[in-house]
Amino acid sequence: MDELDIFDPNYFASLYKKVSKKLDKFSEIKHYEMYCSSGKQTSISYEEGFIKKAFNKDSSGLGLRIIGQKGKEGMTFTSDYSESAIDRIIRDGRIIMRVSTENPDFKNLAVPSKKYNSVERIYDPEIDSLNLEEIKEIINPIFDLKKREITPHSLSGNFSSSINNVFIFNSNGINQNEKKSYVNINAEISLLENNGFPSSGFSWQSESHLKDLSIENVAEKSYQMAYRGLNKVSIETGKYPILLSPLAVAFFLIDPISKAINSEAVQHQMSFLGDHLNQEIAATSFSLIDDPHIPGKLNTTSFDCEGVATKPIKIINKGVLNEYYYNSFTAGKAGIETNGHASRSHYASNVGISNHNLIMSEGKEDWEDILAGIKKGIYFDYTGDSPNYITGDFSGLILTGCLIEDGEITKSLSEALIGINLIDAFKQIETISKERMWIDEAYVPWVKLNNATISGRK
Amino acid sequence: MKKQNDFMENIRLDRNDLNFLRDMAIQQGIQYFNIRCTSGTTTLFSLLNGISKSSSSGIGKGFSVQAYTNGGWGLAVGKEFKKASIESVFNKASKLAKFSSKFSKGNYEINPTSNSKFYHEIKQKIPLLSISLDEKMRLLLEIEKDAHIDPKIVSTHINYSDGESEKISYNIFDQFIRRKESGLLLNMQVIAKQNGKQEGYFLNKGGLGGYEILLKSQKIALETAKNALELLNAKPAKPGKFDIIMDPSLSGTFVHEAFGHAAEADGVIAGESILADKMNTKIGEDIVTIVDDGTLEDQFGFTPYDDEGIKGQKNVIVKDGILVGFMHNLETASKMGVKPTGNARAMNISSSPLVRMTNMYLKPGNSTLDEMIEEVKNGLLCVGWTYGYCEITGQFMFKMAKAYLIENGEKTQVIKDAAISGLTLSVLKRISMLSKDYEMDPGHCGKEGQSISVGSGGPYTLIKDMVIGGQ
């Protein structure tokens, strides 16, 4: 095992041959799938403005799904590729499969797609070959924050680079592999007010290519967020027009949609968007596309985690909800073809459903012109909260946000909460900016909501 | 039939197999190291409407070496419990630590731990291994049926997981600890629907031990279903300020999220805690006493020995409103010149032990819930938690699962889930009543990407003037 090249496709192809030969001997097994992932990661964490810790890990493992009569399914996993370990997971998988209930909704595992789009810039050899000294050079601009006008009271964060290779095979002939690279930097900073009260700021960036990463930008954004947060104020409870920053659009509007259109949640009546297919759920200016083929973006991929070819889909078109995300199981249950949204976070994880890259529609106005038109309102920059996905009700803290007074962003907010049903929020969209920016895998603009309820301490 | 984890690999390494690392450390100028090895198995069942969504089992094993020298730390991970592999990973960790030390803030010594050898095993009244997978599935299907008490119940989702593991740790001070752990977690979500309106409720049960935990948790379906049905009549919370009574689970979330993280010494040292300059000062009302107790055997955060080999203990953090202690790992205790408190915990061997809570609770008071409700003119009795967090400024948010309006001392209308926010140091001074009743809940806590099991709890707690995120 120590000599094994965990990124070698030939090794996993021959491993699959060996596994399938063993599985084919059991007549009760009707379908099977082997999902392998191999990765390496290097990270450096810093604290108090200095490097504190370095970390290195190589890992590899496989998850095996076996399916018998009437949809009975068992899944096992291991990080050991020895003969005895393979025999063990097959044995355990058969036991688990027998214990599972029948599942009449199971139709078939994924079948090979007719065409796989090739995707560009998902692997950066520069990330693959990064060493610790080079990483230190890359993150130096973070430490320059110590020289700023207001010296940070705390400065911490993490840089990590990783390579991940997945190999997917199944008994229907799926045979796909893809190698991807990732790099991530995050920074958290605090500044002190004159009275000793802290204000915190944070920022991060994740990319597939090293040259797309801007450490200076991450450092500046985290400093500016902390600086803006000095001398926070409370506000009165009431209804206010809201200007959402791209960060808030990504987390408050787009991320909940991507989770609520999970067909499994829809099929089990666990999604607030479940009864809304082909209905108008948002302002007509709001469109959303899922595009897995944009070169160099975080969720760019030519196939999903079952090996099915991905394709761009229009989720929301001019305010109308057009499509849900499917994997092979939920698509089989719905009697349609999967649209390639099967996901897995790890070889030991069960198959789920998730998004690729999300592109929101653009508007016609500069965001600063939208801001200038608000006499009194709220600039909502970030929330760490999620909605109730069953009802769509959102009640959460505006973790970073400011008052808007006479068209300008002024004081930072303390203890301000927003409460609104998300379908109401989608319909309250009044203006969308023409500028957009990438927040992780989402390309999003500034958005003005006509109004929403804000709770405050005043 | 075969039991689910009869192939779990025991870790055969003993102290004598690892003490060569002490010589390597001296040769390489490593001031401190620990090696942590684990071997374990897990079983998961997920049922949607009583039909298997996924069923899985797996085994995992591996080890990591953490090394320290001159202010820098390194962590490297390996798989095979063989001398050559351990040597190789030690060398990697040593190199990583030396790299970090070149750019670190400065040197500090890690204070020695005892050089004893310990063994500890979590007690299982009914061993997980003694129950077949068929029996576990049969009971889960029975539990699921209990949720269907009304035609308005339209959907159920059960997740069950259990696991056993063996862990050993060894460090530069020749301390060797072997632990056997086991536990079980069960959660359930039920959806109710009426006239186009849908509501859901979620409950979580579990603990450390054996199959007896599942047997004790069988009423989860009925309880979850009743709550989901009740929410069909719920109204959204009104926005603004309210006096609130938090139930024990929310009191636990409050002390954990709003206070506990600020009392973790790594954040204090990093300048990321509002409690940094508050030691021995009054930060809350006299009735506020907050404890982190790793010795509570029946709770989810039970920590007989932490991941650096320190014995778990009861640590009083706030006594009668005065801050009297922080939680520590070896590093923070060494830096601050105090004894470690048994709070070094890691999610797995690939993660460094951080300062983490174990079982944190707010000590109960003398009131009854009825007396507390009578005190409230316009407020909310908040029930059940969903999640929460606190930023380093002390501004926190946590979400209740539901509430009841209190009008002139009487509990009235049921209210939907909503967010509660406040500033920790201000809120601790607005706690006015605590009940005699007290409960603990199992949960998971996230920090720096690591999720660990914790217990949290407290009494019913009356707090004046909290901001609620209503519609």
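The model is predicted.

Chain A is assigned two domains, domain 1 (9–224) and domain 2 (232–458). Their C-alpha centres are 24 Å apart. The contact involves 44 residues of domain 1 of chain A and 35 residues of domain 2 of chain A. About 3,200 Å² is buried between domain 1 and domain 2 of chain A, with 58% of this area from carbon and sulfur atoms. Three residues, A:Y35, A:D105 and A:W204, provide 17% of the area that domain 1 of chain A buries against domain 2 of chain A, more than any other three residues.

Polar interactions also cross this interface. Three salt bridges are found between domain 1 and domain 2 of chain A. A salt bridge joins the side chains of A:E306 and A:R65, at 3.4 Å from N to O. Twelve residue pairs are in polar contact across the interface of domain 1 and domain 2 of chain A. On the side of domain 1 of chain A that touches domain 2 of chain A, at least two residues come from each of several strands of chain A, including strand 1 (31–47), strand 2 (50–67) and strand 6 (198–207). That side of domain 1 of chain A consists of 17 nonpolar, 15 polar and twelve charged residues.

Chain B is likewise assigned domain 1 (15–231) and domain 2 (240–468). The C-alpha centres of these domains of chain B lie 22 Å apart. Domain 1 of chain B brings 38 residues to the contact, and domain 2 of chain B brings 35 residues. The area buried between the two domains of chain B is about 2,900 Å², and carbon and sulfur atoms give 59% of it.

Four salt bridges are counted between domain 1 and domain 2 of chain B. One salt bridge links B:K402 to B:E230, with the closest N and O atoms 2.5 Å apart. The count of residue pairs in polar contact between domain 1 and domain 2 of chain B is 15. Several elements of chain B give two or more residues to the side of domain 1 that touches domain 2, among them strand 1 (32–48), strand 4 (117–121) and helix 6 (220–231). Strand 7 of chain B gives the most to this side, with eight residues. By residue class, this side of domain 1 of chain B divides into 16 nonpolar, 14 polar and eight charged.

Between the chains, 89 residues of chain B contact 76 residues of chain A. The buried area is about 7,200 Å², of which 53% is from carbon and sulfur atoms. Eight salt bridges are counted between chain B and chain A. One salt bridge pairs A:E48 with B:K105, the closest N and O atoms being 2.7 Å apart. Another 46 is the count of residue pairs in polar contact between chain B and chain A. Strand 2 (residues 51–69) of chain B gives nine residues, the largest share of the side of chain B that touches chain A. The residues of that side of chain B are 35 nonpolar, 32 polar and 22 charged. Strand pairing also spans the chains: strand 2 of chain A runs parallel to strand 3 (residues 72–78) of chain B over four bridges. A:N56 has B:A76 as its bridge partner in strand 3 of chain B.

Chain B also holds an open sheet of six strands with mixed pairing, in the order 11-10-9-14-21-20. Strand 11 (322–323) and strand 20 (439–447) of chain B are at the edges with a single partner strand each, so one side of each lacks a neighbour in the sheet. Strand 10 (residues 314–319) of chain B pairs with strand 11 of chain B in the antiparallel sense, over two bridges. Here B:K319 is opposite B:I322 of strand 11 of chain B.

Technical notes: Residues are numbered from 1 along each chain as its sequence is written. Chains are lettered from A and ligands numbered from 1 in the order in which they are written. This is a predicted model: local features need pLDDT of at least 70, side-chain atom pairs count only at pLDDT 80 or more; totals for chains, interfaces and linings use all residues. Side-chain values use heavy atoms; hydrogens and water are left out. Domain bounds come from an automatic or database domain assignment. Contact means heavy atoms within 4.5 Å. Buried area is the accessible area (1.4 Å probe) that two parts lose on being put together, summed over both. A polar contact is a pair of N or O atoms within 3.5 Å; within protein, one must be able to donate a hydrogen and the other to accept it, and residues adjacent in sequence count only if both atoms are side-chain atoms. Ala, Val, Leu, Ile, Met, Phe, Trp, Tyr, Cys and Pro count as nonpolar, Asp, Glu, Lys and Arg as charged, and the others, Gly among them, as polar. Two strands pair if DSSP finds at least two bridges between them.
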